[in-house]
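I'm opening my notebook on this one and writing down what I look up as I go. Let me get it on screen before anything else.

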Amino acid sequence: MATTNDLKNGMVLVLDGQLWSVVTFQHVKPGKGGAFVRTTLKHVTSGKVVDRTFNAGTKVDTATVDRREMTYLYNDGTDYVFMDSETYEQLELPADLVGDAAKFLLENTQVEVGMHEGTPLYVELPTSVELVVEHTDPGVQGDRSTGGTKPATLETGAEIQVPLFVSSGEKVKVDTRDGRYLGRA
């Protein structure tokens with residue numbers, strides 16, 4: 001049990017028998033009335049996002065989530081196969097559980113898998129990964145007034161926006177949270 005004053009991003013709550021992850025939270029102290037906490041919650045299994053408001057100091061149930069370090073091995077067409085770094089057990093996760101993380105997964109990538117009572121909940125990538133640009137059009141001199149960008153397809157199939165000077169075959173650093181170009185690798 002925790003109170004709404006203890007909420008943090010990424011915390012997993014048990015509400016009405018369902019697991020919800022805290023995406024954002026904001027403590028609000030209006031001039032009139034009592035303080036409250038406004039949250040955005042994401043359903044752990046379905047991905048549904050809802051806004052929920054709690055009175056300040058309200059007790060909420062928290063779920064125990066074990067974070068296990070795993071290595072991505074391969075995709076067999078329907079499932080993504082991961083190996084536990086400590087026990088060497090293999091775990092097959094469906095594509096909908098892996099979600100958007102699949103756009104940046106390369107073989108042998110170290111990830112963290114959140115587990116609750118033996119059930120996998122989510123896959124968390126490192127904040128940035130280095131990937132090779134498979135294809136991008138050449139940047140044309142005079143195309144821009146300031147800092148132009150162009151689309152690029154990465155080796156994993158993901159599409160991101162890169163500066164005009166980046167060419168095919170280069171290795172770039174990408175933010176896995178929003179798919180933003182961070183620089184050359």
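Before I look at strands, I need one term: two strands pair if DSSP finds at least two bridges between them. I'm also noting that this is a predicted model.

**Entry 1**

One detail I checked is Pro151, whose bridge partner in S14 is Gln161. The hairpin of S13 and S14 has 4 residues between the strands, and in it Gly157 takes a positive phi near 100 degrees.

Then I looked for S13's link to strand S12 (residues 128-136): 3 bridges join them, and they run antiparallel. Here His135 has Thr153 of S13 as its bridge partner.

Which residues of S13 are on the covered face, and which on the uncovered one? I found Lys150, Ala152 and Leu154 on the covered face of S13 (residues 149-154), with Thr149, Pro151 and Thr153 on the uncovered one.

**Entry 1: the open sheet**

Next I traced a sheet from strand to strand. It is open, 6 strands form it in the order S1-S6-S2-S3-S4-S5, and the pairing is antiparallel. Strand S1 (2-3) and strand S5 (49-55) are the edge strands, each pairing on one side only. I zoomed in on S1 and found 2 bridges joining it to strand S6 (residues 59-62), again antiparallel. Thr3 has Lys59 in S6 as its bridge partner.

Not counting residues up to four places away in sequence, Leu93 touches Asp79, Tyr80, Phe82, Val98, Val113, Pro120 and Val123.

**Entry 2: the largest pocket**

I looked up the largest pocket and got a volume of about 1200 Å³. It is lined by 35 residues, and the closest to its centre are Lys42, Val98, Tyr122, Val123 and Glu124. S11 gives the most to this lining, with 4 residues. By class, I wrote down 15 nonpolar, 11 polar and 9 charged residues for the lining.

**Entry 3: a few single residues**

Is Asp175 buried or exposed? Asp175 has a relative accessible area of 2%, so it counts as buried, the cut-off being under 20%. I found Asp175 in strand S15 (residues 171-175). Leaving aside neighbours within four places in sequence, Asp175 is in contact with Thr127, Ser128, Arg180 and Leu182.

Asp16 has a positive phi near 55 degrees, and I found Asp16 in the loop between strand S2 (12-15) and S3. At 71% relative accessibility, Asp16 counts as exposed. Asn108 has a positive phi too, of about 70 degrees, although it is not a glycine. Asn108 lies in the loop between H1 and strand S10 (110-116), and Asn108 is exposed, with a relative accessible area of 57%.

Conventions:
Residues numbered from 1 in each chain as written. Predicted model: local features only at pLDDT ≥ 70, side-chain atom pairs only at ≥ 80, totals over all residues. Heavy atoms only, no water. Contact = heavy atoms within 4.5 Å. 1 Å grid on protein atoms, 1.4 Å probe; cavity = no way out; pocket = protein on both sides within 12 Å on 5 of 7 lines; lining within 4 Å. Points joined across faces, edges and corners; volume = space filled by probe spheres on them. Nonpolar A, V, L, I, M, F, W, Y, C, P; charged D, E, K, R; others polar. Buried < 20%, exposed > 50% of the residue type's maximum accessible area, 1.4 Å probe, protein only.
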